[in-house]
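Dear colleague,

Please find the structure below, handed over for your own work.

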Amino acid sequence: MGSDNRTGTGAAPEEVSPRKLAKQRAMASAACAVFGREGYTRASVDALAAAADVSTRTLYNHFPGGKAELFRTVVTWTSGEVRDTQIARIRALVDPARPPRPEDLERDLGALARALVGMMTDFPNHFALVRHIHAEADHVPPELLAAWRDAGPRPAGEALAEAMTVLADAGLIDVHGDPATTAGHFTALISHAIVQLSHYGVLPLPQEETDRLIDTGVAAFLRAYRAG
């Protein structure tokens, strides 16, 4: 779903009326909640149609590929929203023109960590869907997994790696020649425990516990990567 009016099938773009596009978006939004609750395997076409308050015939008229096409549309649409927000938060907090001062690095990395971890609260249906993607990876068609990675995790990871390069160029951290791995370690240290304990935000942790886990993750990251 998006401004290019694609249906997510990989076919050539076709013009879609605003009314039809709005209908598809509403169906995809309803499907996101179903996929997030039931997962890809258990979600039936009947349940997806019922959630969108349409007939199965209408669903297939909009998504001829059925459940697989609708899942791909939902994944790429919601991943795009999350990706754009995540990249905007990264770039707002790590500005190449104004990198943090050394004495502010821990504070600013903490702010970045909170902004990224907060995505689970801001996009609960998407992260419930991601939880099922990980749990059902052996049952989700490989092309759908690839579509999800290309729409969200890959470009978001690249943006975070660029942020680590900015910090390295400012002499604040040492990425040891590999900003992508550095970004991955930062993400793991600030969020892995929170993701696991909250089940991707399904069961949110108390704020003080979230803060403690983020602060210890940032401190561990700096012990490993602070320059000098």
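Is G201 buried, partly exposed or exposed? Because its relative accessible area is 23%, G201 is partly exposed; here buried means under 20% relative accessible area, exposed over 50%, and partly exposed in between, with a 1.4 Å probe and protein chains only. G201 sits in the loop between α10 (179–198) and α11 (207–225). From L112, G201 is 89 residues away in sequence and 18 Å away in space, C-alpha to C-alpha.

Two remarks on the source are in order. This is a predicted model, in which local features need pLDDT of at least 70 and side-chain atom pairs count only at pLDDT 80 or more, while totals for chains, interfaces and linings use all residues. Residues are numbered from 1 along each chain as its sequence is written, and side-chain values use heavy atoms, with hydrogens and water left out.

Overall architecture

The protein chain has eleven helices and zero strands, helices being DSSP runs of H or I with at least four residues and strands runs of E with at least two, numbered from the N terminus. Its C-alpha atoms fill a box of roughly 65 × 35 × 30 Å along the principal axes. Of the 228 residues in the protein chain, 45% are buried. Among contacts with a separation of 6 or more, 71% join residues 24 or more positions apart; contact means heavy atoms within 4.5 Å.

The core

The largest nonpolar core has 64 residues. Such a core is a set of buried Ala, Val, Leu, Ile, Met, Phe, Trp, Tyr and Cys residues joined through side-chain atoms within 4.5 Å. F35, F71, L109, M164 and F186 have the most contacts inside it. Leaving aside residues up to four places away in sequence, L109 touches L167, F186, V218, F221 and L222.

Helix pairs

Axes are lines fitted to C-alpha atoms, for helices over the stretch in contact, and angles run from 0 to 180 degrees between N-to-C directions. Angles under 35 degrees count as roughly parallel, over 145 as roughly antiparallel, 65 to 115 as roughly perpendicular and the rest as oblique.

The axes of α5 (residues 105–117) and α10 come within 10 Å and cross at roughly 50°, so α5 is oblique to α10. In this pair, L109, L112, A113, L116 and V117 of α5 meet F186, I190, S191 and I194 of α10. By class, the contact of α5 with α10 has eight nonpolar, one polar and no charged residues; Ala, Val, Leu, Ile, Met, Phe, Trp, Tyr, Cys and Pro count as nonpolar, Asp, Glu, Lys and Arg as charged, and the others, Gly among them, as polar.

For α4 (residues 66–93) and α7 (residues 124–135), the axes come within 10 Å and cross at roughly 125°, which means that α4 is oblique to α7. F71, V74, V75, T78, S79 and V82 of α4 make this contact with H126, F127, L129 and I133 of α7. The contact of α4 with α7 has seven nonpolar, three polar and no charged residues.

Finally, the axes of α1 (residues 18–42) and α4 come within 9 Å and cross at roughly 100°; α1 and α4 are therefore roughly perpendicular to each other. Residues of α1, including R25, F35 and Y40, meet residues of α4, including K67, F71 and E81. The contact of α1 with α4 divides into ten nonpolar, three polar and three charged residues.

Yours sincerely
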